[in-house]
Each structure stands twice: as C-alpha cells, then as structure tokens.
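Welcome! Here is a short tour for anyone meeting this structure for the first time.

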Amino acid sequence: MDEQISILGFAGSLRQHSYNRALLRVALELVPDGAKLEVFELDGIPPFNQDSESSPPETVKEFKTKIKAADALLIATPEYNYSIPGVLKNAIDWASRPYGDNAFEGKPVAIMSASTGMLGGARAQYHLRQSFVFLNMYPVNKPEVLVTFAPEKFDDKGRLLDEKTKKLIRELLDNLVAWARRLKKV
Ligand SMILES: Cc1cc2nc3c(=O)[nH]c(=O)nc-3n(C[C@H](O)[C@H](O)[C@H](O)COP(=O)(O)O)c2cc1C
C-alpha cells in the first residue's frame, strides 16, 4: 500500500470571513484517501527582519518545521493589487531563509485563489509561480482553481455552493497527491 501523503495548507488572508481560508476548509473535506491535510494559520508571523533570520521567532520555527515535514503544500491566496498579499510573501520570505535553509526546497505545491473580481486571482497565481522558481518548488499546473466573483460562490457562512469549483478542488488535490508520490519515488 502507498505511504500516506501529508499536505500542509496555508492561506494568504487573515480575514475572518476570507474566501481563501474557506477554500482550505473545502479542501479539508475533499482530501483523497491516502492523504491528510493540516492547515497552518499565518497570524502571528511578524514582519521579516533579516537580522533575525538565523534565530527566527517560535511561530516561524514551527512553520518551517511543518513545511519540511510535509510531502506537499497547498496555498490559497487572494490577489492584492495584481500580486500576492504581503502576509503571504512575508511568510514565504521567512521560511526560505537563511540562505541554505530554504524549507520549500523540492516541495510539490498546488495553488488555489479566490477573488471578488473577474479573474479569480490569476495574476497573483502567476506571481507566486515566479517565486517558486527561486524556491525550487514543483507546482502542479492543472487544474487552475481560480474562483471568480467569490461572493456569488459562497453562502454567508462561508460554505462553497459551487459544484464546479468543488470538482476542480478535488481534481487539484488528486493531482497534488499523485505528483507528490511521483517526486518521492525519484
Ligand atoms: C489591498 C487589496 C487589494 C486588492 N487587489 C485586488 C486585485 O488586484 N485583484 C482582485 O481580483 N481583487 C483584489 N482585491 C479584492 C479581493 O479579491 C477581495 O478582497 C477578496 O475577498 C480577498 O480575499 P479573502 O476573501 O480571502 O480575504 C483586493 C483587496 C484588497 C484588500
């Protein structure tokens, strides 16, 4: 039997009623057999200061430990001003440092995004993929989970109503798990 694949998820929004955090809750329900998903909250990660990169705060240490232990990562992010939110970039910067101790090294990763606009966070996804090059991560390419006009797709309790989006999330998780298994065998 295949070994269980552990996935660590985090969202680039701290907002209580965040659509992107809601996407991670949906993923928790749809994670395939043979895999488990844990969600890490980025609240509490302070602004990056390179003076502290070799002795980071406890929250950053915990974040890095969990990333390193995970077989795969799942990031749900809003698009802010055509890019990724500072909260997400800040957390990524911490976990990538100090030089030579990049927690993301060689990790398979999948992205989801939800936005109130008509492109569903596409530009943020491509900016994130650009960082993956330097971080030496292996992103899943398809399907693209881009949730457009998010307020129409969730109810007021943050539950996803849109079956097409649920199907895409399930497919993305299946592909991430398969990708992680392939990379583990290399
Ligand atoms: C600072 C800021 C910048 C934003 N820029 C964009 C943007 O460039 N593109 C977009 O589609 N939505 C943009 N939005 C709207 C977000 O899509 C919307 O606030 C969304 O709900 C954020 O995700 P969340 O619900 O997970 O917090 C922006 C929102 C904020 C607060």
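The side chain of Asp-155 reaches the backbone nitrogen of Lys-157 at 2.8 Å, a polar contact (a pair of N or O atoms within 3.5 Å; within protein, one must be able to donate a hydrogen and the other to accept it, and residues adjacent in sequence count only if both atoms are side-chain atoms). Asp-155 is found in the loop between β6 and α5; helices (H or I, at least four residues) and strands (E, at least two) are DSSP runs, numbered from the N terminus.

This is a predicted model, in which local features need pLDDT of at least 70 and side-chain atom pairs count only at pLDDT 80 or more, while totals for chains, interfaces and linings use all residues. Residues are numbered from 1 along each chain as its sequence is written, and side-chain values use heavy atoms, with hydrogens and water left out.

**The nonpolar cores**

- The largest nonpolar core has 29 residues, and Ile-7, Leu-74, Met-112 and Ile-169 have the most contacts inside it.
- Elements that each supply at least two residues of this core include β1 (5-11), α1 (19-30), β3 (72-77) and α5 (163-185).
- A second, separate core has 26 residues, among them Val-109, Ile-111, Ala-124 and Met-137.
- A nonpolar core here is a set of buried Ala, Val, Leu, Ile, Met, Phe, Trp, Tyr and Cys residues joined through side-chain atoms within 4.5 Å; buried means under 20% relative accessible area, exposed over 50%, and partly exposed in between (1.4 Å probe, protein chains only).
- Among the residues that Leu-74 touches are Ile-7, Phe-10, Leu-37, Met-112 and Leu-172, not counting residues up to four places away in sequence; contact means heavy atoms within 4.5 Å.

**Aromatic rings**

- A search of the whole structure finds four aromatic pairs; rings of Phe, Tyr and Trp (its six-membered ring) pair if their centres lie within 6.5 Å, with planes under 30 degrees apart counted as stacked, over 60 as edge-to-face and the rest as tilted.
- Tyr-19 and Phe-154 form a tilted pair, 5.2 Å centre to centre with 40 degrees between the planes.
- Because Tyr-19 lies in helix α1 and Phe-154 in the loop between β6 and α5, the pair ties together parts that are 135 residues apart in sequence.
- Phe-154 is buried, with a relative accessible area of 5%, whereas Tyr-19 counts as partly exposed at 22%.
- Phe-10, Phe-40 and Phe-63 form one aromatic cluster.

**Around the ligand**

- The residues surrounding the ligand include Arg-15, Tyr-19, Asn-81, Tyr-82 and Thr-116, where near means that a heavy atom of the residue lies within 4 Å.
- The side chain of Arg-15 has an N or O atom 2.7 Å from an oxygen atom of the ligand.
- A backbone N or O atom of Asn-81 lies 2.8 Å from a nitrogen atom of the ligand.

- Glu-53 sits in the loop between β2 and α2 (58-69) and is buried, with a relative accessible area of 11%.
- A polar contact of 2.7 Å joins the side chains of Glu-53 and Arg-97.
- Arg-97 is joined to Pro-98 by a cis peptide bond, with omega about -5 degrees.
- The peptide bond from Lys-142 to Pro-143 is also cis, with omega near 0 degrees.
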